[in-house]
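Have a look at the model first, then read on.

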Amino acid sequence: MTLTISTPPVISGVGVNRLTADDDLFLKLHSLYGNALVNQLAWRFDEPLDPELLARFHAHLARGFLARRVQPTRVPFARPYWLPATESLPLGWDSVPVTDDEVLDWYFAQSRVDFDPETGQVWRLSAAPTTAGGTLVSLVTSHVASDGGAVLFAVGDALSRLDESPDFATGSGLLVGTPPQNSLNANVIDAGRQLRAVAKGIRAAIDTRGVTEPDRTPRPTLPELPLPTRWSPADLVVQLDLAEWNAAATRHSGTTNGLLIALGAGILGRSGRVGDTADIRVDIPHSMRTPDDPRANASTGLPISVTYRTGERIDLAAVRSAVKRAATAYRDPATTPALQHLQPLQMILPRFVLRRFARTAKAPECLCTNLGETASGVADFAGHRASAVLMRPVVCTNDTAMFRRVEVGVNLSFSTDGHTVTLAVTGADPDRFPSRTALREVLAAEFESWGLIPSFW
């Protein structure tokens, strides 16, 4: 499906747009860790793109849904709110062509950027020619200001308006938010609402204190490889035929999503991170975004437990049952774990308290994101269609000791254009995935067990 640029979507405006609990959490994590994790939407074009076209695209993004900044409040317990950004990072254009074997390195290099949520410098668009005559394009975004659904919405809107003048008042920038007419009054009212939400959340947490989430499998401390003090997680991108993927899932009584989860758990098991019969906690992001949704982050997560058995494929039927049980439980507040009810309390905790919690906080053991058929909606740049579209979280270079301490595992991100699957895999355990080569060996063996033949970037 090709996006047209003659009939842009109709977007209704929004008033004061307060940060959600997820926005607030990502903002506090940003203050503690900087850009430890960013999102990336990336394109590969087999043809050269005119820099002027990318400049127009950048200009629309700078007046669109991503162009937002955090406005703090001085009233205790009142939530900050979003306002249109006052700054944006300039378009980056690398003049040196990228070779085929440098593509992954170039994409990863784009994650090295400093974001500032209070000015609106929360995204960066960059591009480079390839030695084969094509173009690479990357859009890196801060999770403070946008989840994957927000990025896709902003990009789709910008691409649909390339023949118009960029303007906050006509496109998706209408949804960013406006300041309250009487900020003191509005913030006092919001503070009161937040305190009531905290009280309600505490009561709900007490009522559901017996509801538990799946446990993590502890990370083995050994072996500890001799690695540098700073380390970049191993990342790979593979492509497969969607029909073959679905056929493999069907052969084993599973679904498209179930096979993604099974691959993630299987990779973790094959790496030696978990042992035989271990129960792996898999976190599955789920979008809650609605039309004209002003939220920067509008996602939730479903945690399930998946059993790994050495030498066997993950049971896809068991995965499907676990996902159904989790989805049913999280729809009912009475069966939602207590911690989920305490989000309003998390928002009012000062940073020094969260800093203490952060010392013992853990990263996802296995994170599997299914973006579905999203690639086709953002693949067309004014008639130039990308040969591949990739969307993924990027775990940035950081202290090796930090990766060990927070026990990061594997991240998988699935998207398709309806014909081809593009799968991004990140192995962020330094002692199980010390290099791309090590990750590729484990990944290739797992694909082979399912009868799948991937094409590696």
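This is a predicted model: local features need pLDDT of at least 70, side-chain atom pairs count only at pLDDT 80 or more; totals for chains, interfaces and linings use all residues.

A residue counts as buried when its relative accessible area is under 20%. Keep that cut-off in mind for the cysteines below.

**Cysteines**

- How many disulfides does the structure hold? The count is 0.
- Cys366 isn't part of any disulfide, and the nearest cysteine sulfur, 3.8 Å away, belongs to Cys368.
- Cys396 is in no disulfide either, with its nearest cysteine sulfur, that of Cys366, 20 Å away.
- Is Cys396 buried or exposed? Its relative accessibility is 5%, so Cys396 counts as buried.
- Cys366 has a relative accessibility of 0%, so Cys366 counts as buried too.

**Helices α2 and α4**

- Helix α2 covers residues 51-61 and helix α4 covers residues 148-160.
- These two helices pack with their axes 9 Å apart, at an angle of about 125°.
- That angle is why α2 and α4 are described as oblique to each other.
- As for handedness, α2 and α4 cross in a right-handed way.

**Who touches whom**

- On the α2 side, the contact is made by Phe57, His60 and Leu61.
- On the α4 side, Ala154, Val155, Ala158 and Leu159 make the contact.
- Sorted by type, the residues in this α2 and α4 contact come out as 6 nonpolar and 1 polar, with no charged ones.

Terms used. Residues are numbered from 1 along each chain as its sequence is written. Side-chain values use heavy atoms; hydrogens and water are left out. A disulfide is a pair of cysteine sulfur atoms within 2.5 Å. Buried means under 20% relative accessible area, exposed over 50%, partly exposed in between (1.4 Å probe, protein chains only). Axes are lines fitted to C-alpha atoms, for helices over the stretch in contact, and angles run from 0 to 180 degrees between N-to-C directions. Helices (H or I, at least four residues) and strands (E, at least two) are DSSP runs, numbered from the N terminus. Angles under 35 degrees count as roughly parallel, over 145 as roughly antiparallel, 65 to 115 as roughly perpendicular and the rest as oblique. A crossing is left-handed if the near helix is turned anticlockwise from the far one by less than a right angle, and right-handed if clockwise. Contact means heavy atoms within 4.5 Å. Ala, Val, Leu, Ile, Met, Phe, Trp, Tyr, Cys and Pro count as nonpolar, Asp, Glu, Lys and Arg as charged, and the others, Gly among them, as polar.
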